[in-house]
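I set out to record what can be read from this structure, entry by entry. The sequence and the coordinates come first, and my notes follow.

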Amino acid sequence: MTEQKNTARAHRRNDILLIVLLLLVAGAGILYLFVFRDSGNVVKVTVDGKLYGTYSLSEDRVEDIHSGEDGHNRLIIKDGRAYMESASCSDGICVAHHPIFRDGESIVCLPNKVVATVIIDGDTDSPDIVA
């Protein structure tokens, strides 16, 4: 009978160790996704499909983007996030968009043909679409 109890205790201990190990691995993955992965991101801004500029998310700045005769957007980079503060377009959808900071997120102003996309630093020459 005591041999069964010892075996049951050993199984329970192993189960607890496995659960703790899985929680540690999951925690490390979450930490990587939210802390380390976004640390080298930049915002690539294009106007009418042409590169306008690339700006680091780690440096706060205000960038006025001019497109066409009357097109104007103001991009704000603050606290590692980028957002459109103002735009000369009539719909203002880009201004209402939430701030972007993760790889692949974009803010698009169709009337002014402005696209701001977060990319990993060093990926500025990679294609936008892979077929």
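**Entry 1**

I looked up T46 and found it in strand β1; helices (H or I, at least four residues) and strands (E, at least two) are DSSP runs, numbered from the N terminus. The model is a predicted one, in which local features need pLDDT of at least 70 and side-chain atom pairs count only at pLDDT 80 or more, while totals for chains, interfaces and linings use all residues. Residues are numbered from 1 along each chain as its sequence is written, and side-chain values use heavy atoms, with hydrogens and water left out.

Is T46 buried or exposed? T46 is buried, at a relative accessible area of 14%. I use buried for under 20% relative accessible area, exposed for over 50% and partly exposed for in between (1.4 Å probe, protein chains only).

I then listed the contacts of T46, a contact being heavy atoms within 4.5 Å. Not counting residues up to four places away in sequence, T46 touches L51, Y52, K113, V114 and V115. With the same exclusion of residues up to four places away, V45 touches K50, L51, Y52, G53, Y55, I65, L75, V114, V115 and A116.

**Entry 2. The nonpolar core**

Which residues have the most contacts inside the largest nonpolar core? They are V43, V45, L75 and M84, in a core of 19 residues. A nonpolar core is here a set of buried Ala, Val, Leu, Ile, Met, Phe, Trp, Tyr and Cys residues joined through side-chain atoms within 4.5 Å. At least two residues of this core come from each of β1 (41–47), β4 (71–78), β5 (81–87), β6 (106–109) and β7 (114–120).

**Entry 3. Strand pairing**

I next checked β4 against its partners; two strands pair if DSSP finds at least two bridges between them. Strand β3 (residues 61–67) pairs with β4 in the antiparallel sense over 7 bridges. Within this pairing, I77 in β4 is the bridge partner of R61. The hairpin of β3 and β4 has 3 residues between the strands, and G68 takes a positive phi near 70° there.

β4 and β5 also run antiparallel, joined by 6 bridges. R74 stands opposite S86 in β5. In the hairpin of β4 and β5, with 2 residues between the strands, D79 takes a positive phi near 55°.

**Entry 4. Salt bridges**

How many salt bridges does the count come to? The count comes to 3, a salt bridge being a side-chain nitrogen of Lys or Arg within 4 Å of a carboxyl oxygen of Asp or Glu.

The side chains of R61 and E63 form one of them, at 2.8 Å from N to O. R61 counts as partly exposed at 33% relative accessibility, whereas E63 counts as buried at 14%.

The side chains of D64 and R74 meet in another, at 2.7 Å from N to O. Because D64 lies in strand β3 and R74 in strand β4, this pair ties together parts that are 10 residues apart in sequence. D64 is partly exposed, with a relative accessible area of 26%, and R74 is partly exposed at 28% relative accessibility.

R74 also forms a salt bridge with E85, where the closest N and O atoms are 3.8 Å apart. This pair links distant parts of the chain, with E85 in strand β5 and R74 in strand β4, 11 residues apart. E85 counts as partly exposed at 41% relative accessibility. I therefore noted D64, R74 and E85 as linked in a network of salt bridges.

**Entry 5. A surface patch**

I found a nonpolar surface patch of about 390 Å², made by L18, L21, L22 and V25. L21 has its place in helix α1 (residues 2–36). Patches are made of residues with over 30% relative accessible area and no salt bridge; like charges are joined within 9 Å, and nonpolar side chains (Val, Leu, Ile, Met, Phe, Trp, Tyr) within 5 Å.

**Entry 6. The whole chain**

The chain has 2 helices and 7 strands, and its elements run α-β-β-β-β-β-α-β-β from the N terminus on. Of its 131 residues, 25% count as buried. Among contacts with a separation of 6 or more, 34% are accounted for by residues 24 or more positions apart. The accessible surface comes to about 9,000 Å², of which 57% belongs to carbon and sulfur atoms; accessible areas come from the Shrake-Rupley method with a 1.4 Å probe, and for residues only the protein chains shown count as cover.
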